[in-house]
Amino acid sequence: MFKRWRASFKIKLMLGISAIILFTFCITGVVSYRTHLQLFEEEVSEQYRRSNEQAMAQFELRVKELYRISNFIVFNQTIEEIVTKLASADHVPAAERYFEQDRILTELRQIKFDAPQVLSMYLFDLNGTNYYNGLMRESVERIGDDTFREIRDKVKASNGEMVWMRKRLESAIEKSGYREVTIAARWMHNNTLGMYGLLVMVIDQDFMTRSFREITRDGHGVVYLFDRHSSLLYTSDTDVPLTNERLLAVRDGTRATIDGTGYYYARNDSKEIDFVLVSRMSMARFLEKSQLILRISVISGAVSIALSALLIFLLSQRLLRPLRELVQAMRTMRGGKFDTRIKPRSSDELGFIADSFNSMASNVSALINEVYLRQISEREAELKALQAQLNPHFLYNTLNGLYWKLYLQNDRETASLVSSLSSLLKYSLERVRKRTTLAEEMKQIRNYLHVQEAFVENSFEAVIEMDDEVAECTSLRLILQPIVENVFVHAFREQETPKRLTIRAYRSESYLKIEIADNGNGMTPEQLSRVLAEEPAGERAPLGVRSVMRRIDLTYGPPYRLELVSAAGQGTTVHLYLPFEKAEADKEASA
């Protein structure tokens, strides 16, 4: 009784569930609030740090896209040609200037769709003359001379890289009359790295805010973005409490208190675009979420104890009944009763197990019957093969004697036919699994054609072409004869016009390709489908196309195959794709 109790799955399941529920409640009650708060802060801090990294990664992609657009403009030969031409000429007619500026507009038209964040764009020559003012959106006014000089001086102080600036430009659609924008500028170089102008792009502030929305959502997070010159390029904070130097000195994961409020700082340095992102979040948000989770944990622990008895009861009634039926069915099947089946009671995992058991039982029964029938078929085939081997040997010896008799009687034509037939019969007596060369296979096809020529009515022409490099390739024995035989049996049947058969063998990439084409009756699509269809179970395997397809599939497998191309009244072409293997390589591999 005690052993049965120990082996009962029901008892084990009930004890296991009870232990899990009790253990969970004990852990929830023992862990103190401070420890829980610390763990939660670390988790949320890590999530916030990853959000900061993801925001920086998104911003990097946006900046790289701007770099790509600027590279397209800077190194565009058409733009270089136009700007250099207009800058070097003392006087350019208005019509020609308009035409050249229209060419620039054509080159940069796609940028309006690829970079909607660019509000406007300017192309200046080295003298400060602007040749293009592409206002993508009517959001800001054109930059003035003072702004241009400020941009040019900052670009001159750089090493040729993109320069970023935070500016307020006049805007006719803003209530304040101004709009916060970001300006990106760089020298325009030709292929020899010589400067020929200055590119200025005015970028919407949404270009910055879009990448950092996840951090600043709900107003709990604040971001500070610095360029490579440690200048504050963007911030979502209306009142920056720290200087730029103190913000740049902040390390990732730093916690600080400002005006009595604790903050968590995250920092991410981009090595690809040389920007620094510093963000902060109030620690008060951590406390709010931590207290909520703590209350939920206490309530759930109390409810879990109250419902534990009911849960155990429902699980034992719901789950164990199908399992008991499955165990009983397995015992019955182990006793030899393979027609045992289980009625699925649900569509969940237990129902899937029941269906799988029924499928397994059906497969086992089918496999037993299949193996039994296969053994009977193999014995019958072995007896027929032994009986069939006696007559061909006797026939071969008889044909060989008949050949010499005809030869001595000077009936050379008939003797030649008998010789070809004898050689073909001797070749067919070899084991089918034994490999041969393509040259030997073609030789036997010639013997077969020589015999058939004596019986073909009307004119008949056979052409055999074989490249030298494929003559010594290995081939299955009697792989071509069934196909050629089909030509005489079906393709040339009742054909009064001249008959032509062409056999070509050559190398095609890694294949040995053999084509057998005739000008016979051809086949309709329905006839072609029946020829390629799998044979019905229980019928004798055909000696034609399907037998060749079956041998190729069993010996080589994909991608080696047989393909048929035929049309009614237009003949048939058979394509064989076999491995390109030399006979010497095949012998070395066998050794």
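Residues are numbered from 1 along each chain as its sequence is written, and side-chain values use heavy atoms, with hydrogens and water left out. Because this is a predicted model, local features need pLDDT of at least 70 and side-chain atom pairs count only at pLDDT 80 or more, while totals for chains, interfaces and linings use all residues.

Me: Which element gives the largest share of the lining of the second largest pocket?
Reply: On a 1 Å grid over the protein atoms alone, a pocket is an open set of points with protein on both sides within 12 Å along at least five of seven lines, a cavity is a set where a 1.4 Å probe fits but cannot get out, and lining residues have an atom within 4 Å of a point. The second largest pocket holds about 550 Å³ of space, a volume being the space filled by probe spheres set on grid points that are joined across faces, edges and corners. The largest share, five residues, comes from H16.

Me: How many residues of the lining of the second largest pocket are charged?
Reply: In this classification Ala, Val, Leu, Ile, Met, Phe, Trp, Tyr, Cys and Pro count as nonpolar, Asp, Glu, Lys and Arg as charged, and the others, Gly among them, as polar. The lining of the second largest pocket divides into ten nonpolar and seven polar residues, and the number of charged ones is four.

Me: Which residues lie nearest the centre of the largest cavity?
Reply: The whole structure has two cavities of 30 Å³ or more, and the largest of them has about 100 Å³ of space. Helices H11 and H12 (349–388) are the elements that give two or more residues to its lining, which by class has eight nonpolar, two polar and three charged residues. Of the 13 lining residues, those nearest the centre are Pro322, Leu323, Ile342, Leu350 and Ala354.

Me: What is the volume of the second largest cavity?
Reply: The second largest cavity is lined by Met162, Val163, Trp164, Asp227, Arg228, His229 and Phe275. By class these are four nonpolar, one polar and two charged. The volume of this second largest cavity is about 30 Å³.

Me: How far apart in sequence are the parts that Arg168 and Glu180 tie together?
Reply: A salt bridge is a side-chain nitrogen of Lys or Arg within 4 Å of a carboxyl oxygen of Asp or Glu, and by this rule the count comes to 22. The side chains of Arg168 and Glu180 meet in one at 3.5 Å, N to O. Because Arg168 lies in strand E3 (residues 163–170) and Glu180 in strand E4 (residues 178–189), the parts that the pair ties together are apart in sequence by twelve residues.

Me: Are Asp204 and Arg179 buried or exposed?
Reply: Asp204 forms a salt bridge with Arg179, with the closest N and O atoms 3.1 Å apart. This pair links distant parts of the chain, Asp204 in strand E5 (residues 195–204) and Arg179 in strand E4, 25 residues apart. With buried meaning under 20% relative accessible area, exposed over 50% and partly exposed in between (1.4 Å probe, protein chains only), both Asp204 and Arg179 are buried.

Me: What is the area of the nonpolar surface patch that includes Val303?
Reply: Patches are made of residues with over 30% relative accessible area and no salt bridge, like charges being joined within 9 Å and nonpolar side chains (Val, Leu, Ile, Met, Phe, Trp, Tyr) within 5 Å; accessible areas come from the Shrake-Rupley method with a 1.4 Å probe, and for residues only the protein chains shown count as cover. Val303, in helix H11 (residues 284–334), is partly exposed at a relative accessible area of 40%. Together with Ile299, Leu307, Leu310, Phe313 and Leu314, Val303 makes a patch of about 580 Å².

Me: Which residues does a cis peptide bond join?
Reply: Most residues other than glycine have a negative phi, and most peptide bonds are trans. Asp274, which is not a glycine, has a positive phi of about 65°. The cis peptide bond has an omega of about 10° and joins Pro558 and Pro559.

Conventions:
Helix = DSSP H or I, 4+ residues; strand = E, 2+ residues; numbered from the N terminus.
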